[in-house]
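Dear colleague,

Please find below the structure that I am handing over to you. My notes on it come after it.

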Amino acid sequence: MLIVPEREIANLMTRAAAFDAVEQVFAAMAAGDAYNFPVVREAIGHEEALYGFKGGFDQAGLTLGLKAGGYWPHNLEKRDLINHQSTVFLFDPDTGKPSAMVGGNLLTALRTAAASSVSIKHLAPPDAKVIGMIGAGHQATFQLRAALEQRRFEKVIGWNYHPEMLPNIAKVAQEAGLPFEAVQLDGMVEADVIISITSAFAPSLMAGHVSPGTHIACMGTDTKGKQEVEAALLARSGVFTDEVAQAISLGEAQHAIAAGLISEGDINQLGAVINGTHPGRISPDQITLFDGTGVGLQDLAVAAAVVALAAAKGVAIKVDI
Ligand code: NAD
């Protein structure tokens with residue numbers, strides 16, 4: 001099997017390669033060629049850690065495997081390690097033999113940013129000029145960098161619960177040569193695209209903060225109880241997701257479903273838009289909302305891409321197992 005260490009990922013993986021891998025696997029999921037296995041996530045009673053597995057099989061891309069890892073809240077303070085830790089394991093679908101082990105930390109950020117980016121490509125207004133960021137933590141910088149490649153944006157606006165973190169995203173805007181303005185939440189009416197990527201358990205973005213025609217990518221809610229946007233906003237929007245089962249159970253849609261504001265049938269797979277079996281945005285005034293919950297197949301897709309790149313460059317470590 002091949003090992004691709006975490007330290008090699010930044011030199012190998014590009015945003016473009018992550019985008020293509022995620023777009024393809026969303027399409028395969030909607031076509032019924034790829035499916036995710038039930039997620040395991042456990043509080044292990046040690047170091048207050050949450051540990052679990054996200055796996056799946058993509059019959060189109062012939063990718064089989066899982067991402068194992070989770071969240072160790074004390075890593076940074078105690079050991080100067082990042083709190084999110086993950087590793088991807090790939091298996092040969094013909095034989096069941098392990099084929100690769102890949103550092104999953106940077107890949108997680110790249111595949112999550114690629115997901116909202118794919119949603120912007122397929123759902124955002126073509127002439128979007130202003131992008132609004134809600135959140136300014138670790139993932140937010142990756143999100144913004146990737147999103148800026150999808151439209152000819154002219155300005156970045158941002159709000160964060162902890163305003164002292166806003167320079168993180170201001171820096172990304174500056175690197176892209178764009179002006180950045182910190183706004184209050186009602187200032188988000190100026191945005192044509194909004195990305196929310198926070199760890200909040202109560203809504204920040206309300207329906208009244210969003211103008212007609214906006215595309216919103218809700219990327220932070222990946223657990224039961226988390227929430228970033230008002231449930232009423234989903235009732236006003238065309239709702240899309242990576243995987244409907246996850247959206248209704250642990251994604252942003254969980255709240256609108258529980259409140260009876262939308263039903264499962266109102267939620268569409270982004271992959272169907274990619275495949276052309278769903279029209280996507282149906283009018284310039286429609287608000288579109290992508291509920292990006294994060295699926296194992298995304299991890300496998302980017303890991304398979306990076307293994308191919310590592311093998312081609314001769315930097316993968318070969319071991320017999
Ligand atoms: P981080 O700790 O670096 O940043 C957290 C962000 O949330 C900051 O902007 C912080 O100010 C904000 N925040 C904290 N409490 C808040 C509150 N009460 N109200 C509003 N905002 C609040 O975390 P990160 O690594 O950037 O991850 C952000 C979120 O994205 C997490 O919830 C994480 O689980 C989620 N995530 C989702 C996916 C996916 O595939 N959808 C993938 C990775 C991470």
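The notes below cover the domains and then the ligand site.

This is a predicted model, in which local features need pLDDT of at least 70 and side-chain atom pairs count only at pLDDT 80 or more, whereas totals for chains, interfaces and linings use all residues. Residues are numbered from 1 along each chain as its sequence is written, and side-chain values use heavy atoms, with hydrogens and water left out.

The protein is divided into domain 1 (2-108 + 297-318) and domain 2 (116-294), with bounds from an automatic or database domain assignment. Their C-alpha centres lie 24 Å apart. In contact (heavy atoms within 4.5 Å) are 14 residues of domain 1 and 21 residues of domain 2. The two domains bury about 1500 Å² between them, 59% of it on carbon and sulfur atoms; buried area is the accessible area (1.4 Å probe) lost on putting two parts together, summed over both. On the domain 1 side, Arg15, Phe19 and Phe26 lose the most area to domain 2, together 37% of what that side buries.

Around the ligand there are 23 residues, counted when a heavy atom lies within 4 Å of it. Arg111, His138, Asn160, His162 and Lys226 come nearest. By class, this shell has six nonpolar, 14 polar and three charged residues, with Gly counted as polar.

An oxygen atom of the ligand is 2.7 Å from a side-chain N or O atom of Asn160. A backbone N or O atom of His138 lies 2.8 Å from a ligand oxygen atom, and one of Met219 lies 2.9 Å from a ligand nitrogen atom.

Yours sincerely

Key. A polar contact is a pair of N or O atoms within 3.5 Å; within protein, one must be able to donate a hydrogen and the other to accept it, and residues adjacent in sequence count only if both atoms are side-chain atoms.
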